[in-house]
Amino acid sequence: MAAPPEKLAQSLEILRKLQTSNGAAAIRARDLSRTHRERLLANGFLQEVIKGWFIPSRPDEVKGESTAWYASFWRFCAVYLEERFGAKWCLSPEQSLSLHAGNWTVPRQLLVRSPGARNKVTGLPHGTSLLDLRAALPSAGDRVEKEGLRMFSAESALIACSPDYFSNNSTDVRTVLLMIRDASGLLARLLEGGHTVIA
């Protein structure tokens with residue numbers, strides 16, 4: 001019969017394989033047997049995010065420490081949203097602009113659009129949450145994928161974001177505008193939609 005350290009080593013090996021095979025920062029309950037899951041949770045190698053979803057953590061992390069969560073937030077959201085909505089989801093135009101600008105700050109509430117959304121807030125650790133809104137997605141040409149996150153292209157996000165975003169996040173907006181070398185893509189979108197006020 002295997003000793004407790006040997007059993008833990010077996011569970012850790014399974015966790016390592018999960019992380020190397022798909023870079024799992026989001027682990028579904030069904031990816032691990034109940035025995036391995038409970039052993040890893042008890043020894044601090046897993047943290048539950050929401051029912052049925054976990055992230056890897058360090059056993060020496062102080063209880064209530066947020067490092068593991070903030071380090072895996074974006075990857076967790078990408079995997080979780082892909083599992084829920086397939087390819088039919090997209091981050092909000094405002095969040096898309098921030099990411100295009102290189103601002104990977106974890107938001108208090110991540111807004112996600114999907115035709116299959118339920119207009120529901122999902123509470124996440126450390127005061128963060130995810131709000132899925134039932135809304136149409138931008139056309140395929142107006143979407144991009146970055147780090148597994150589906151989002152508006154820079155040009156379409158500039159047109160679709162709220163006016164408040166421009167005043168509250170001027171650094172991000174200026175950064176994205178400087179990244180657009182050829183304004184023809186942005187101008188075409190403005191003219192097609194008759195967005196004279198936005199322009």
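Biologist: Okay, what does Thr128 touch, not counting residues up to four places away in sequence?
Modeller: Thr128 touches Trp69, Tyr70, Val106, Pro107, Arg108 and Gly123, where contact means heavy atoms within 4.5 Å. This is a predicted model, in which local features need pLDDT of at least 70 and side-chain atom pairs count only at pLDDT 80 or more, while totals for chains, interfaces and linings use all residues. Residues are numbered from 1 along each chain as its sequence is written, and side-chain values use heavy atoms, with hydrogens and water left out.

Biologist: Is Thr128 buried or exposed?
Modeller: Thr128 counts as buried because its relative accessibility is 3%; buried means under 20% relative accessible area, exposed over 50%, and partly exposed in between, with a 1.4 Å probe and protein chains only. Thr128 lies in the loop between β6 and β7, and its side chain makes a polar contact with the side chain of Trp69 at 3.1 Å. A polar contact is a pair of N or O atoms within 3.5 Å; within protein, one must be able to donate a hydrogen and the other to accept it, and residues adjacent in sequence count only if both atoms are side-chain atoms.

Biologist: And how do β6 and β7 pair?
Modeller: β6 and β7 (residues 129-134) run antiparallel and are joined by four bridges, with Asp132 in β7 as the bridge partner of Lys120. Two strands pair if DSSP finds at least two bridges between them, and the elements themselves are DSSP runs numbered from the N terminus, helices being H or I of at least four residues and strands E of at least two. Both strands belong to an open sheet of four strands with mixed pairing, in the order β4-β5-β7-β6. Its edge strands, β4 (90-91) and β6 (120-123), each pair on one side only.

Biologist: Where is the kink in α3 centred?
Modeller: The kink, of about 55 degrees, is centred on Phe73, the bend at a residue being the angle between axes fitted to the seven residues ending there and the seven starting there. Just after α3, Gly86 takes a positive phi of about 65 degrees.

Biologist: Which residues touch the most other members of the largest nonpolar core?
Modeller: Of its 26 residues, those are Phe73, Trp74, Phe76, Leu81, Leu91 and Leu124; a nonpolar core is a set of buried Ala, Val, Leu, Ile, Met, Phe, Trp, Tyr and Cys residues joined through side-chain atoms within 4.5 Å. α3 gives the most to this core, with ten residues. Leaving aside neighbours within four places in sequence, Leu81 is in contact with Gly86, Trp89, Val112 and Leu130.
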